[in-house]
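Hello,

Here is the structure for your files. My notes follow below it.

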Amino acid sequence: MVTVRRGAPEVDAIVVGSGPNGLAAAVTLARAGLSVRVYEKSAVVGGGAATAELTLPGFHHDVCSAVHPLALASEFFQRFQLADRIELVVPEVSYGHPLPGGTAGLAYRSLTRTVAELGRDGAAWNRLFAPLVAHSEQVAEFTGAQLLRLPRHPATAVRFGLRSLEQGSPFWNLRFSGETAPALLTGVSAHTMRTLPSIATSGAGLTLATYAHAGGWPIPVGGSGAIVTAMVEDLLAHGGEIVTSSEVRRLSDLPPARVVMLDLTPRALLRLAQGDLPAAYARRLRAFRYGNGVAKVDFALSDPVPWRAAGLRAAGTVHVGGTRAQIRRAENTVARGRHAEDPYVLVSQPSGIDPSRAPAGQHTLWAYTHVPRGSTIDQTEAIVRQIERYAPGFRDTILASAGRTATSVEQHNPNYVGGDISAGEVSLTQLLRRPVLSPDPWRTPLDGVYLCSSSTPPGPGVHGLAGWHAALSALRHDLGVRSAPDLSPTNQE
């Protein structure tokens with residue numbers, strides 16, 4: 001083991017980075033009775049979970065994450081009792097998918113209603129999802145941690161695995177006979193920014209769609225920043241401290257501490273360690289791959305999006321891109337390093353569910369599309385054109401917009417290398433080897449140093465699980481604490 005910090009500890013635990021995973025690690029360690037200090041490069045905390053006025057005064061936009069399927073499913077947030085700390089609104093329609101001709105597929109919280117509206121493919125959708133929805137907590141346990149382990153619920157793991165293999169293979173069309181159901185599933189699978197079909201994309205899509213029917217996809221009232229505020233308040237209430245506008249350039253610059261948690265990418269760890277990592281481990285970190293990026297646009301609107309299919313107006317999330325074949329073509333074009341002419345666009349329309357996001361009668365809209373990593377091309381017009389295709393007149397509702405290229409997404413948050421908001425390619429190999437193949441991938445060879453970002457299991461998403469698992473590992477290995485601390489709300493005197 002290599003030690004990079006000397007002397008008597010100034011604090012028990014240091015956390016570098018204040019994204020949801022860094023804050024989850026900090027909260028967990030503080031709840032275990034440790035003194036905790038968080039260092040954040042930016043002037044504001046939150047990383048990918050922040051809310052700001054990006055277009056016009058009074059229009060509150062989510063800077064990165066917007067809709068939170070994992071807010072109810074995450075073990076960390078369940079233990080933290082997030083739903084009791086902030087107001088989460090759960091739309092009746094978890095996500096929708098417009099199709100050519102003015103129709104749309106709608107994934108309701110109710111699996112029964114979804115099945116009924118899917119017509120001839122309803123029974124196939126039910127066979128696909130009913131066993132997963134019935135055991136959604138087991139699905140969350142299986143997918144919410146390191147995959148390199150014996151599953152606690154093997155029957156559910158097998159069901160999930162077989163479905164992932166089917167929908168991740170060239171045989172993915174055999175289950176369905178129409179266009180609506182496969183498009184509805186492909187839209188949610190495309191969140192992963194990968195070649196379609198693949199096992200990783202199908203696994204992610206099945207997980208998210210299961211949560212859509214099991215509990216819904218909640219939206220925090222006031223914006224994603226509400227989640228961060230709840231975590232910060234809990235950390236401060238239990239003795240933690242946060243130092244903003246403080247960039248850590250070398251691990252050796254940190255004050256002595258018993259453990260250091262890094263809500264950073266493997267690339268950042270290599271830079272901070274400055275040659276102190278064992279050569280074999282450093283080689284594995286250098287081999288870690290980053291995926292393609294996103295180009296994001298936030299809109300201030302005078303009216304709701306005029307979707308041709310009226311049912312989409314009740315959806316918290318809309319996947320725009322057409323049929324399964326059209327989305328596949330667009331995503332595979334990006335995977336080959338080119339911009340798609342008719343891109344897949346992920347849309348969130350929170351103000352229809354949370355009116356506090358915009359002035360009375362007006363609306364905010366959040367949208368991004370996938371682009372080659374490091375792209376410097378603004379995608380505002382491409383996104384507007386694609387939405388307009390399914391919502392004629394959308395362009396006329398736009399009061400203002402604020403766009404970010406993949407490069408500027410990385411500039412805002414260095415964890416998003418090349419605009420990759422997943423902090424690392426989401427492939428089957430990198431779900432098993434994230435960032436290294438190990439039963440405890442959060443623990444590094446540096447004494448007391450842990451990675452706790454989305455570059456570690458279970459991967460991307462606002463769930464806090466990477467920080468939670470890393471903190472539990474640190475408690476076991478460096479602090480002699482075997483039981484997980486109580487994270488439930490407590491009254492403060």
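Where does H6 bend, and which proline follows within four residues? The bend, about 35°, is at Leu128, and Pro131 is the proline that follows. (A bend is the angle between axes fitted to the seven residues ending at a residue and the seven starting there; helices, H or I of at least four residues, and strands, E of at least two, are DSSP runs numbered from the N terminus.)

The model is predicted, so local features need pLDDT of at least 70 and side-chain atom pairs count only at pLDDT 80 or more, while totals for chains, interfaces and linings use all residues. Residues are numbered from 1 along each chain as its sequence is written, and side-chain values use heavy atoms, without hydrogens and water.

Helix H6 covers residues 122–134. Its buried residues (under 20% relative accessible area, 1.4 Å probe, protein chains only) include Trp125, Leu128 and Phe129. The buried residues of H6 pack against strand E6 (93–98) and helices including H5 (111–117) and H10 (199–214).

Strand E10 (residues 257–262) has 5 of its 6 residues buried, so it is largely enclosed by the rest of the structure. E10 runs parallel to strand E1 (residues 11–16), joined by 5 bridges (pairing takes at least two DSSP bridges). E10 also pairs in the parallel sense with strand E16 (residues 449–451), over 3 bridges, and there Val260 stands opposite Val449.

Regards

Definitions and conventions
The expected span of a helix is 1.5 Å times one less than its number of residues. Buried means under 20% relative accessible area, exposed over 50%, partly exposed in between (1.4 Å probe, protein chains only). Contact means heavy atoms within 4.5 Å.
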